[in-house]
Structure formats: C-alpha cells, structure tokens
Amino acid sequence: MSETTETTTTTMNNSDNNNSSNNNNNNNSEIDNSTDNLEQPTIEGGDIEDLSNYILSKIDESSTVTGRPARKYSEQDTSTPEWFKHKKHFFILSFSGKPIYSRYGDEVALNTFMASLSAMSSFVESSNDELRYITAGNYQFVFIQKNPLNLVCIANTGEPYQMIKQQLEYIHALIISVLTQSNIKAVFEAKYDLRDLLGGTDKYLDNFIHQTNSDFSILLNSVNCLRLNNNIRNSITNILSNRKCDSLLFSYLISGNKLISTVKHKKTPSLKSQDIHIVMNYVLSTSSFRESESWIPICLPNYNDSGFLHLYICYLYADVCLLLFSNQAESFYQMNEIKTLISKDLEQESIVDELNRAVALHDYTTAFTEVPNLLHFLYKNRSSNYSTYPIFSPPYSIHKKEKKRLFRLYQHIINHVNNSSNKPHKYYYHTSATETIIVAISNHHELYATFSPLETKKNVFESFTFLLQWITKDNSIIIQ
C-alpha cells in the first residue's frame with residue numbers, strides 16, 4: 001500500500017391512491033430466502049433513460065420542480081479564497097476523473113481539480129498499488145477506490161486516517177442505497193452521466209457527511225437507543241412481532257436517529273448499523289415524510305447491494321416513526337394495514353403517553369448516572385452494536401469548539417484501541433491537561449469514560465467501575 005509523504009421518495013396517500021416494507025430478540029417467525037425476492041432493476045443500452053426516470057421519480061418533490069436544487073457554496077471553486085478555508089472537503093468522481101459530487105463548490109467548476117485527484121490515484125495504480133492517503137503539511141488526502149467510483153476527502157482536522165476512511169465508506173454506501181452497485185456499474189458502461197441519476201440527493205449526502213462528523217453512534221459503528229422503560233420497550237417489541245405478513249422482513253420504530261425497538265420477522269441477515277444510519281438519514285432529511293405515509297425503494301448495501309427492498313415510512317406521532325421493510329413492491333397496502341394495527345395496539349396497551357414522554361425526556365446528562373467526577377462517556381454493546389451516551393454538560397456544553405475537541409479526541413482513542421497493529425487493547429488510560437479518559441474493551445462491550453485531569457487514578461478507577469455497574473443495572477438506556 002502506498003503512503004506518500006506524509007431519496008428519494010415517492011409518497012402514497014391511502015385516500016389518493018385506491019388502486020394500490022438486527023433485532024436481538026430473535027423473533028424469527030419463518031424461514032425465507034428473502035434476498036432472492038429483491039427487486040433488481042438493471043439497465044441495458046437503451047434502458048438508461050428508463051432507469052433515470054425510475055430513480056428521479058424517487059427524489060423528493062421539492063427537489064424535482066426545477067431540476068437539481070441550488071447548492072450551498074456553489075459559487076466557490078479553486079479560484080476563490082473562501083473555498084480553501086473549508087477544513088474538510090469531500091469529492092466523488094469516476095475512475096476517469098469525471099466529477100460527480102463536491103461538498104463545497106460546484107463539481108463542474110472543479111472538473112480540473114478532480115482530474116488531478118484522479119491522476120494521483122491512477123499513477124499509483126499503474127504500479128499495481130493503491131493510493132490510500134497523502135499527507136501534505138497539515139492536510140491529509142484520503143482516497144478509497146470503489147469501482148467505478150473514487151471517493152476523496154481532503155481534511156485539515158487532525159483526524160486519524162481510519163476515521164476519515166470510515167466516513168468515505170459511509171458516503172459510498174449512501175450512493176449504493178440510491179442506485180445499487182450493479183446499476184452504478186451499468187451506468188458507467190453505458191457512458192451515462194451518474195449526476196443525472198443522483199440529482200436531488202445532494203442534501204442527503206450533505207446531511208450524512210455532517211452526521212458522520214458529529215454522531216458518536218456512527219463513530220462507534222453502532223445505533224443509539226432511546227432511553228425507555230424496559231417493560232414499555234418489551235411491550236412495543238411484542239406488538240411489532242405480532243403484526244406481520246409474508247413479505248415483511250423487518251419492523252423498526254425510531255425517534256430521530258434513536259432506535260426504540262426492532263423486530264426481524266424472518267430468518268434473514270440482520271441489518272447492519274451502517275444500513276440503519278442510511279435509512280435514518282433519509283427519514284430525517286425529508287420533511288415530506290412527516291406529512292403522509294410513504295413507500296420508497298431502497299438498497300441496503302450490507303444486506304444486498306444488487307437489489308431494492310421497499311420501505312414503508314409513517315410517523316405515528318410527532319417524533320415517532322414506523323419503518324416496515326418489505327421484499328415485495330406491491331405490499332404498500334399490506335404495510336398500511338399493519339401500521340394501523342400497530343397503532344391501535346399501542347393505544348390499547350396505554351403505551352402512547354409513556355412513549356411520547358420518553359421521546360421528550362430522552363436526553364440525559366452525566367449527573368443522571370450519579371457517578372462522581374464523570375464528565376462524559378460512550379458505551380457500546382459489542383454483541384448488538386447498540387450504544388448510549390449522555391448529552392454534553394460543562395465544560396463541553398459551553399463552547400462548540402470544546403465539543404468538537406472532545407469528539408476528535410474520542411476519534412483518536414477509538415482508532416488507537418481498535419486499529420492497533422497488535423491485538424486490540426483491553427484497557428487504555430489517557431491523560432492530558434484537559435481531561436483523563438479511561439477505556440475498557442471486552443467481548444461484550446466498549447466503555448470510554450472522561451474525567452477531570454485533576455482526579456487521582458484511584459478516584460478515576462473507582463468511578464469507572466461504578467459507571468459500568470450503573471450501565472449494567474439500568475436496562476432503560478439500551479436495548480437488552
């Protein structure tokens with residue numbers, strides 16, 4: 001490896017359309033080869049235009065009224081000083097250097113710059129090697145090659161290479177979720193412009209990039225859980241488990257980017273954290289989903305990157321959204337009926353008020369744990385890939401820079417303990433002028449706890465043990 005010097009949505013209202021889809025509870029009701037039934041629209045020669053219309057029909061109506069929406073900072077390029085002031089750029093381009101996406105500026109105006117990035121990668125590839133990153137002063141150029149796409153990040157943020165690479169992989173997965181891997185390759189083989197098929201999805205990429213730079217659950221490759229009474233959560237899970245049909249694969253109940261409950265209805269691969277974050281990003285980025293129930297095709301790259309599942313989206317309450325995944329394109333009305341039954345069951349079980357209260361009061365601070373001297377912590381269950389963490393409190397809640405600094409510090413520590421050239425660390429102790437962080441990693445969990453740098457080691461270890469005991473006993477903060 002070379003190291004050079006250093007959605008898409010179609011909304012269907014039942015009233016307007018009378019002619020018309022990782023749980024560890026192991027609710028597997030039957031065996032089904034569900035991935036064999038995925039819709040797999042592919043393209044050949046003259047069918048390019050049909051695929052374009054198919055993809056564009058999924059884009060949010062607000063984006064298709066006048067074609068591709070105006071991009072923020074679109075007036076900037078390499079000729080404007082403002083463009084160089086951004087600390088973190090993301091680019092997507094073809095292997096031949098054709099521009100597809102730029103976080104800042106218009107990708108067409110950056111055509112020459114992107115061609116230079118492509119040339120760097122091609123030069124190393126000509127030596128039967130792969131360019132991973134280049135360090136130039138305080139800047140790091142990180143490359144990943146995902147045939148037929150190149151994804152590049154240029155950052156002046158001090159982040160570890162592995163962390164930026166993970167972010168680029170999330171972005172690539174988001175693109176696959178729109179088109180599927182096989183269709184992306186077919187687009188390039190037919191010499192069609194991929195930007196036309198991705199038109200209107202910029203906002204999803206922009207939001208996802210922002211999320212990967214600030215979301216602790218993505219940093220941990222996990223899903224954050226809503227803090228909820230365990231009995232209430234179990235009741236919700238039972239309701240989701242009991243309402244099903246032959247084409248229903250997964251039922252998810254979420255609030256924002258937090259998971260309330262999930263059920264896997266068939267013996268099929270569970271959804272990975274990355275896929276769940278992609279779906280949550282679509283839901284959070286599309287305001288029209290709040291207005292009516294929706295039915296969209298979506299590819300989940302870690303589940304099957306060559307076909308579409310069909311996702312039913314409906315907000316049951318203000319901030320509680322039901323997601324039903326089906327392997328059949330004609331299952332909208334079955335999903336609608338299941339949603340109605342789930343809604344009635346929640347009301348009959350008198351769960352609605354408790355659920356809405358939990359959504360409103362989800363956020364908690366370190367004071368809630370009653371752990372002495374604790375400033376912040378991250379916890380991940382390694383078996384389920386679920387996580388929990390408090391909101392920022394002083395000193396981190398006072399200044400935005402302090403929040404970002406702690407996030408960057410966690411990045412370095414997580415990278416160090418998990419990507420060590422030797423075996424992963426079981427324990428790790430970091431201290432500096434600003435904080436002390438202690439880490440414990442086992443087969444079951446990862447725990448990162450932050451304390452004042454003035455605390456003695458004895459106090460830190462005692463509080464750390466107390467925190468782990470509290471997490472183990474409080475079954476409301478994470479899905480068990």
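Biologist: What makes helix α5 largely enclosed by the rest of the structure?

Modeller: This is a predicted model. Buried means under 20% relative accessible area. In α5, 16 of the 19 residues are buried, so the helix is largely enclosed.

Biologist: How do you know that the end-to-end span of α5 agrees with its number of residues?

Modeller: Take 1.5 Å times one less than the number of residues. For the 19 residues of α5, 161–179, that should give 27 Å. The end C-alpha atoms are 28 Å apart, which agrees. Just after α5, T180 takes a positive phi of about 80°.

Biologist: Which residues have the most contacts inside the largest nonpolar core?

Modeller: They are Y252, L323, F325, F377 and L467, in a core of 79 residues. The largest share of this core, 11 residues, comes from α5. A second, separate core has 30 residues, including I236 and V352. As for F377, its contacts include Y364, Y410, L467 and W470.

Biologist: Why are β8 and β17 called edge strands of the sheet?

Modeller: The open sheet has six strands, in the order β8-β16-β15-β19-β18-β17. β8 and β17 each have a single partner strand, so one side of each is left without a neighbour in the sheet.

Biologist: How do you know that β8 and β16 pair?

Modeller: Pairing needs at least two bridges. β8 and β16 have two bridges, in the parallel sense. Therefore they count as paired. The bridge partner of N224 is S387 in β16.

Terms used:
Residues are numbered from 1 along each chain as its sequence is written. This is a predicted model: local features need pLDDT of at least 70, side-chain atom pairs count only at pLDDT 80 or more; totals for chains, interfaces and linings use all residues. Side-chain values use heavy atoms; hydrogens and water are left out. Helices (H or I, at least four residues) and strands (E, at least two) are DSSP runs, numbered from the N terminus. Buried means under 20% relative accessible area, exposed over 50%, partly exposed in between (1.4 Å probe, protein chains only). A nonpolar core is a set of buried Ala, Val, Leu, Ile, Met, Phe, Trp, Tyr and Cys residues joined through side-chain atoms within 4.5 Å. Contact means heavy atoms within 4.5 Å. Lists of a residue's contacts leave out its neighbours within four places in sequence.
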